[in-house]
Amino acid sequence: LLVSKDLGKHLLEVEDLLQKHGLLEADISAQTERVQALNAAALKFSELEGYQPCDPQIICNRVNHVQTCLEELGELAAKRRKELEDSRQLWAFFQEMEEAEAWIREKEQILASKTCGRDLSSVLTLTNKHKSMLGELGSRRALLHQAMKKGEQILAKKRFSPGGIQEKMREVRLRWKKLEEVTGLHQQRLQEALNFFQFSAETDDLVAWLQDTYRIVSSDDFGHDDYSTQALLRKHRAVVEEVEKHRAAVVALRKQLALLAAEHRQGVDVQIRVVEVEQLYGEVVEVAVLRQQWLQDALAVYRMFSEVHACEVWVDEKEQWLERMEVPEELDEVEVVQHRFESLDQEMNSVMGRILDVNQVVQQLVDGGHPSSEEVRACQDHLNSRWNRVVELVERKKDQLSSVLKIQNYLLEC
């Protein structure tokens, strides 16, 4: 049993042989105690004095022979255990190699069947799964490194033919290298897909923002008075600032597109999308400029109306005063009225400046093609007409005063 050359053909068989060898070693251990006891009893016969049933030398030789056979048996058992343990180490190594190859095959099949996703969400999910796989790859790499070290140790003992071990190690190393290359390639493709879908998502967000902003800047609400128009103008200026802030994002689209993988950046849809964003941004900027001008024109109109109203209130007041005023015949009273007209001249000069400003604003609005040009022009004509009437009344009253003064002076001279 101990000189058997059967060292097993796989790990389970070696384990079974080691189990049987353990039982044999236990039997040898039990027989060793018995043999030692028998040897001790036999040696007593070699020490007898007087009658000796057997030659003491024969007894000693016999005891030594049995002891030597027992020691040789122990050495054979130790040698057999060593050989079986080496065989177990060898087959354990091959089993680890087979497990590594099976794991590599499984991951190769998974990688071969994996896609890179159809949208940002699926790509992110696949990326997270790939990260988990990279963690498994790292753990398996450490285990494979340990298994390879065991293979090197087996080769160093030179107990087995190195051909099969070296061939198996070479095969596993090549398959592992290929797996890492495929894993790296898949990771690169995932990153490229992630970059593309992130670019697409950011582009979609930018388009949605531009479309919302376009609806805002193309609004036909210009307010209904000075206060509401000023509020709209402040909001519009804030929108214009946001539009300007997004200019960098629109300009960067071309650079981001150039950084994408060739299969993504060369797509017609992607290139058209970028052109659409640029065109939409240009339209938003153009309409925003127009809306700002329209709001400023509306504000000018409302302020003009307010100024016209203030001037007309003054005109009404002076017109009523002039129409009710009777030119006195007494010199003292005439001088009082004359002083009033001097003050009136100063007021008229001030109001005249305001009316000239109104006329200038109206001309600018009309020249700029303001949609309320007719209404503005009518308001201007009405104010100018009333102003001319006041001027005529003032001139008439002044003429009357002048006539009265001449008569009074003539009477004084007489």
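Colleague: Which residues do ring pairs link into a cluster with Trp91?
Modeller: In this predicted model, ring pairs join Trp91 with Phe93 and Phe94, and these three form a cluster.

Colleague: And how many aromatic pairs does the count come to?
Modeller: The count comes to 6 aromatic pairs. One of them is Trp91 with Phe94, whose ring centres are 5.6 Å apart and whose planes make an angle of 45 degrees, and this pair is tilted.

Colleague: How many residues apart are Trp91 and Phe94 in helix 2?
Modeller: They are 3 residues apart in helix 2, so about one helical turn separates Trp91 from Phe94.

Colleague: Is Phe94 buried or exposed?
Modeller: Phe94 counts as buried, because its relative accessibility is 16% and the cut-off for buried is under 20%.

Colleague: How accessible are Phe222 and Trp294?
Modeller: Phe222 has 23% relative accessibility and counts as partly exposed, and Trp294, with a relative accessible area of 39%, is partly exposed as well.

Colleague: Changing topic, how many disulfides are there?
Modeller: The count comes to 0 disulfides. Taking Cys69 as a case, this residue is in no disulfide, and the nearest cysteine sulfur, which belongs to Cys60, is 16 Å away.

Colleague: How accessible is Cys69, and what about Cys116?
Modeller: Cys69 is partly exposed, because its relative accessibility is 35%. Cys116, by contrast, has a relative accessible area of 13% and is therefore buried.

Colleague: One more topic, the surface: which residues form a nonpolar patch with Leu73?
Modeller: Val3 and Leu76 form that nonpolar surface patch with Leu73, and together the three residues have about 230 Å² of accessible area.

Colleague: Where is Leu73 found, and how accessible is it?
Modeller: Leu73 lies in helix 2, which covers residues 56-113. At 34% relative accessibility, Leu73 counts as partly exposed.

Notes:
Residues are numbered from 1 along each chain as its sequence is written. This is a predicted model: local features need pLDDT of at least 70, side-chain atom pairs count only at pLDDT 80 or more; totals for chains, interfaces and linings use all residues. Side-chain values use heavy atoms; hydrogens and water are left out. Patches are made of residues with over 30% relative accessible area and no salt bridge: like charges are joined within 9 Å, nonpolar side chains (Val, Leu, Ile, Met, Phe, Trp, Tyr) within 5 Å. Accessible areas come from the Shrake-Rupley method with a 1.4 Å probe; for residues, only the protein chains shown count as cover. A salt bridge is a side-chain nitrogen of Lys or Arg within 4 Å of a carboxyl oxygen of Asp or Glu. Helices (H or I, at least four residues) and strands (E, at least two) are DSSP runs, numbered from the N terminus. Buried means under 20% relative accessible area, exposed over 50%, partly exposed in between (1.4 Å probe, protein chains only). A disulfide is a pair of cysteine sulfur atoms within 2.5 Å. Rings of Phe, Tyr and Trp (its six-membered ring) pair if their centres lie within 6.5 Å; planes under 30 degrees apart count as stacked, over 60 as edge-to-face and the rest as tilted.
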